[in-house]
Amino acid sequence: MTANRLRLGVLEGDDIGHEIVPAAVRVAEAAAAQTGLGIDWTPLPIGRRALDTHGHTLPEGTLDALAALDGWILGPIGHRDYPKLPEAINPHPILRKHFDLFANVRPTRSYPGIGCLHDDVDLVIVRENNEGFQPDRNVVMGSGEFRPTEDVTISVRVITREGSRKVARAALELARARRKHLTLVHKNTVFKLGCGMFVESCYEVAQDFPDVTVDECIVDTFAMKLVREPQNFDTVVTTNMFGDILTDEAAGLVGGLGMAPGLCIGRGSLAMAQATHGSAPDIAGQGIANPYAMIESTRMLLDWLGRAQGVSQAVEAAAQMRQAMDRALADPATRTRDIAGTADLEGMTQGILSALGAGTGKRAHAQA
Ligand code: ATP
């Protein structure tokens with residue numbers, strides 16, 4: 001970063017990633033132009049196209065190139081459709097792990113008229129990113145899941161004090177900046193050691209945050225309360241797998257996966273914008289995907305970097321993006337069909353750009 005500039009990577013991912021990531025770049029670029037923020041975009045290959053062009057879904061050099069940046073946008077990864085080859089790995093857990101992006105910040109916000117199940121929802125679930133039950137990331141070699149006999153499968157869940165403390169601190173800092181209320185979601189009634197360690201670690205770190213009210217909820221009860229009274233929650237922290245499930249449930253309350261953004265953060269300022277949803281192969285190439293989650297994830301990245309690095313133009317650009325998206329979402333003509341609108345992806349992107357006062361800007365930065 002220099003003065004008012006940020007260096008950001010662009011990794012489109014797969015399927016609808018090739019549509020929604022360029023949309024997010026166009027909107028961010030337009031907002032940056034309004035506030036005098038310079039963004040140096042670095043496109044980098046990843047995913048299925050990288051397998052075709054570079055022989056690997058995470059080509060050599062990509063990690064080094066990312067290390068030189070302030071942050072990046074990662075589009076959704078459709079690894080389930082990759083060919084069964086050693087070069088065709090799921091790259092996104094590797095990025096999270098390699099850069100120690102241990103906290104996945106996933107907000108849920110309701111907007112009027114888009115088909116939300118509740119009004120006035122404004123909560124954030126902070127999901128632990130790098131351990132837990134996920135077998136492709138909770139061991140250094142091999143897999144956290146194995147089959148000792150044809151009829152027996154064992155899945156290992158990893159919980160560490162350090163991992164729990166790190167995500168707890170990130171969540172407490174977030175809660176402090178919000179409504180100062182953190183809910184720990186776990187199941188220590190059954191997972192006495194694993195969830196027990198997670199909860200203990202969270203309370204230990206919470207001693208440094210006397211201004212934040214901390215309570216807890218058993219995960220199954222939380223799943224029920226989230227559906228019935230989501231307005232009662234502010235910031236939530238939980239382990240990896242619970243967070244994976246609950247963030248999709250939360251998205252379902254406010255219009256579906258197109259409304260589910262996310263930002264992966266670690267200890268420093270480095271961050272990765274990554275929407276909660278997958279690559280949606282069922283709608284890819286049709287120009288109908290909802291770009292909100294990807295644009296909002298990018299907005300969160302600008303806001304995060306702006307605050308962490310003291311770049312006020314980035315914070316201001318993020319604020320302008322928020323206002324523009326609020327305006328676009330208020331009009332059915334500038335929102336996609338999954339959220340009670342009539343627009344396609346391009347129409348919604350144009351709506352946001354117009355609200356930014358950025359004219360059409362059509363495809364100007366689509367190659368970034
Ligand atoms: P993953 O496990 O990789 O997160 P998933 O199984 O949850 O993926 P998605 O790819 O997220 O699956 O898609 C689930 C459903 O949500 C699909 O019907 C898809 O079309 C829809 N969906 C996902 N993202 C969007 C979006 N941005 N706009 C509109 N619909 C979406």
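Student: How many salt bridges are there between domain 1 and domain 2, and what makes a pair of residues a salt bridge?

Tutor: The count between the two domains is two salt bridges, and the term means that a side-chain nitrogen of Lys or Arg lies within 4 Å of a carboxyl oxygen of Asp or Glu. This is a predicted model, in which local features need pLDDT of at least 70 and side-chain atom pairs count only at pLDDT 80 or more, whereas totals for chains, interfaces and linings use all residues. Residues are numbered from 1 along each chain as its sequence is written, and side-chain values use heavy atoms, with hydrogens and water left out.

Student: What makes Asn138 count as buried or exposed?

Tutor: The relative accessible area of Asn138 is 9%, and a residue is buried under 20%, exposed over 50% and partly exposed in between (1.4 Å probe, protein chains only), so Asn138 is buried. Asn138 is found in the loop between strand S5 (122-128) and strand S6 (145-149), and its side chain reaches the backbone oxygen of Val156 at 2.8 Å.

Student: Why is helix H11 described as largely enclosed?

Tutor: Nine of the eleven residues of H11 (residues 345-355) are buried, so the helix is largely enclosed by the rest of the structure. Among the buried residues are Leu345, Glu346 and Met348, and the buried residues pack against helix H1 (17-35), helix H9 (292-309) and helix H10 (312-329). Helices such as these are DSSP runs (H or I, at least four residues), strands are runs of E with at least two, and both are numbered from the N terminus.

Student: How do you know that Asp52 and Arg48 form a salt bridge, and where do they lie?

Tutor: Their closest N and O atoms are 3.4 Å apart, which falls within 4 Å, so the term applies. Both residues lie in helix H2 (residues 47-54), four residues apart, about one turn of the helix. An α-helix has 3.6 residues a turn, so residues three or four places apart point the same way. At 53% Asp52 is exposed, while Arg48, at 34%, is partly exposed.

Student: What do Arg161 and Glu200 tie together?

Tutor: The side chains of Arg161 and Glu200 meet in a salt bridge at 3.1 Å, N to O. Arg161 lies in helix H5 (residues 161-177) and Glu200 in helix H6 (residues 194-206), so the pair ties together parts that are 39 residues apart in sequence. Arg161 has a relative accessible area of 37% and is partly exposed, and Glu200, at 47%, is partly exposed as well.

How values were computed
Contact means heavy atoms within 4.5 Å. A polar contact is a pair of N or O atoms within 3.5 Å; within protein, one must be able to donate a hydrogen and the other to accept it, and residues adjacent in sequence count only if both atoms are side-chain atoms.
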